[in-house]
Amino acid sequence: MTDRKVSLSLVRDVEGSFDDARDEDLVFACLRQQAGAQAALWDRYYPIVRRVVCRASGPGREVEDAIQEIFIRLFRKLPGLRDPSSLRAFVISITVRVIKSEQRARWIRRWLGLSPDGETPDCAGDPVDLEAREALARFYAILDRLAPRHRTAFVLRHVEGLELTEVAAALDISLATIKRWLPRIARRVFSQAESDPLLAPYLARGIPVRELEVT
Amino acid sequence: MNDGDHQPSQLQGDDPEAQLAGLTALARECLPPAQEARASADAFARFRLATGERVESRRRARATWAVSTGTLALAAVGALLLPFLRRPAPVALSLSVEGGALAEGGYVRAAAADGEPRLRFSDGTEVTLSRASRVRVAETDEHGARVLLEEGRARAQVVPRARSRWVFDAGPCRVRVTGTRFDMHWSAARQVLEVALYHGSVTVEGPPAVTGVSMRAGQRLVMDVRGGAVRFGEIEAGEEAGEKSGGKVGNGGNAEWQGTTAAPAPAPTLTPTDRVGEGAAEPVEEPAGDGPTTHSPGRRTMGGKSVEGWPARVLAGEFRGVIREARRRGIDDVLRRESAVNLMALADAARYAGGARLAARALTQVRGRFPDSSSAHRAAFLLGRLAEDRDDDLAKALDWYRIYLADSDSDPGSDAFRAEALGRQMTATLRLHGVARAQPLANAYLRRYPRGAYAKAARTIVSP
């Protein structure tokens, strides 16, 4: 309780635009139900939430419902955030929880045979290379075979590029555990990708990925 | 290096984590799909609606009325009611059937007299059906409708509206539409969907392309569910006009893709850009003895439509048949004598069937024999792709991309691959010569395609 008082005493009232407001000021403004604060928080975190959800879910998934669920939980739990400066980690952890529950539901539907993947494919985005689309679908089919926690860990680390500490915090596991998990998961993904002729060319390009990353 | 410094997805020896770099980069490249700039604001508006935020603000406004002046109260009421006054309650589109009737289950029944049933929706959208088509209107709402084409052919002219949502299902395939004009044909027996897009854009989904493929105006798509293939071709000039003059979508006698014109269908000028699993694993460089015995490419059918010529046969998926015929006649002879269109079709067939060497020979021949043609222009780009993707010969690929782009500069009307050529030129230059040489290309790309598929890579190159 004392901690919370201290942290709240440090925040500033935000006048006008929230564009340059610190996370803690934004949280405070939301708690005070200041006009435009929720919209500003949405604008700040919607891109990362959408990106993580899309990348964790895979291509062709409907993500808007999941995003809404994440923000509903976020705004509901905001008053309980002990350290408003850690808003980013808070958002990611809620995002991961929603993703995991969605993936678990998909797993269950798939195992029960209700549908091949539990979802109806969503409208595709940009018209990218068809081979790349197919490769992406196959890559995510491999990830679909992982347990939801392992899949999420892999995506957060290797696709989203989060730090190990961030991944561990988001999954609520220790740093040592995530260090043990990731190489094992990667080996499993690699061995399955290696046996797929369409994916194999993506495995050994020998090119630093940072140089080739495209939108 | 501690873990905090570790760069994920960075190639490092035989480390599986590092060797997955290409795939994880692909995921970053493709996901999430590009979005409009206002998407965040729109999504927030939907969120507020969904969570009853409007109800909350209305409640707070009511509390304010109790202590505010009459003027403020009126203003608050006005502000509160304005959105509702402006936007009427959503009403599902209504539907009438001309030349037929809507039967139980939403099935469209053609009238006894001649003529084709036409669905007229209240937003102006029209769907014309061939008489033998089996179509059901599964649902309608204020944004559009879901139409099930169980068999036969339909021509749709969807009126573009904000937030419209039109879906045409055909077997396991789905065509998503906003505002556009297109023909579609579904053969349940052959499990083949064909879409000819005249205007606008659509996304087609199906088992061979579960994440969907986008079509642009002027393209024809054939999705072979059983064969697991998606192929693109171009609509012949005047094809739509010809059919429109007939005012019909087909006689529909056997529910196949049949035009109303009596003349045999033109051989489409094939412009395939990509493929999805047409059995490319088996190489075809070695000669094959069996094949059609006719000299001239025989008459074939595509969706029941009689077609001739290699381009049409390639579009119909007969890659190996075309290659076999070329080998039977003698490749050298074919390369010397055939037209540019047929050589391009042979190159496409070879590319699709995994015969890169034959494809390169055909494309080179087109460049040599028809140097000023649009086929030669396209051949330059495809030769670049072959050099890059199949031979990993970046220097050669760069030469071809330069030639293609130079041709595009002199003929801006035929630069269908310009964006991809620029992007590929940029990344190949980066790999071959480094960042400094790639930067001018990245700047050029960004100036022209700021939201293109290679835009992020270009920005990274510009500001490493």
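Is Asp172(A) buried or exposed? Select it to begin the tour: Asp172(A) is exposed, because 10 other C-beta atoms lie within 10 Å. (A residue is buried if 20 or more other C-beta atoms lie within 10 Å of its own, exposed if 12 or fewer, and partly exposed in between, with C-beta atoms placed from the backbone.)

The model is predicted: local features need pLDDT of at least 70, side-chain atom pairs count only at pLDDT 80 or more, and totals for chains, interfaces and linings use all residues. Residues are numbered from 1 along each chain as its sequence is written, while chains are lettered from A and ligands numbered from 1 in the order in which they are written.

**Two loops of chain A**

Asp172(A) sits in the loop between α8 (164-171) and α9 (175-194) of chain A. (Helices, H or I of at least four residues, and strands, E of at least two, are DSSP runs numbered from the N terminus.) Although Asp172(A) is not a glycine, its phi is positive, about 60°.

Select next Gln33(A), in the loop between α2 (23-31) and α3 of chain A. Gln33(A) is not a glycine, yet has a positive phi of about 55°. Gln33(A) counts as exposed because it has 10 C-beta neighbours inside 10 Å.

**The pair α3(A) and α4(A)**

Now display α3(A) together with helix α4 (residues 64-77) of chain A; their axes come within 10 Å and cross at roughly 135°. (Axes are lines fitted to C-alpha atoms, for helices over the stretch in contact, and angles run from 0 to 180 degrees between N-to-C directions.) The two helices are therefore oblique to each other. (Angles under 35 degrees count as roughly parallel, over 145 as roughly antiparallel, 65 to 115 as roughly perpendicular and the rest as oblique.) Residues making the contact include Trp42(A) and Val53(A) of α3(A), and Ile67(A) and Phe71(A) of α4(A). (Two residues are in contact if their C-beta atoms, placed from the backbone, lie within 7 Å.)

Centre on Val53(A). Beyond its neighbours within four places in sequence, Val53(A) is in contact with Val63(A), Ala66(A), Ile67(A), Thr95(A) and Ile99(A).

**The nonpolar cores**

Val53(A) also belongs to the largest nonpolar core, of 69 residues, where Leu26(A), Val53(A), Phe139(A) and Leu26(B) touch the most other members. (A nonpolar core is a set of buried Ala, Val, Leu, Ile, Met, Phe, Trp, Tyr and Cys residues joined through C-beta atoms within 7 Å.) Helix α3 (residues 37-57) of chain A gives the most to this core, with 11 residues. Another core, of 49 residues, lies apart from it and includes Val334(B), Tyr404(B), Leu430(B) and Ala442(B).

**Helices of chain B**

Move to chain B, which has 16 helices and 17 strands. Of its 464 residues, 42% count as buried.

Select helix α10 (residues 340-353) of chain B: its end C-alpha atoms are 20 Å apart, in agreement with the 20 Å that its 14 residues should span at 1.5 Å a residue. (The expected span is 1.5 Å times one less than the number of residues.) In α10(B), 12 of the 14 residues are buried. Gly354(B) follows α10(B) with a positive phi, near 90°.

Ser373(B) is in the loop between α11 (356-369) and α12 of chain B. Its C-alpha atom and that of Ala340(B), 33 residues apart along the chain, are separated by 8.3 Å. Ser373(B) is partly exposed, because 17 other C-beta atoms lie within 10 Å.

Finish on α12(B), where 14 of the 17 residues are buried. Just after α12(B), Asp392(B) takes a positive phi of about 55°.
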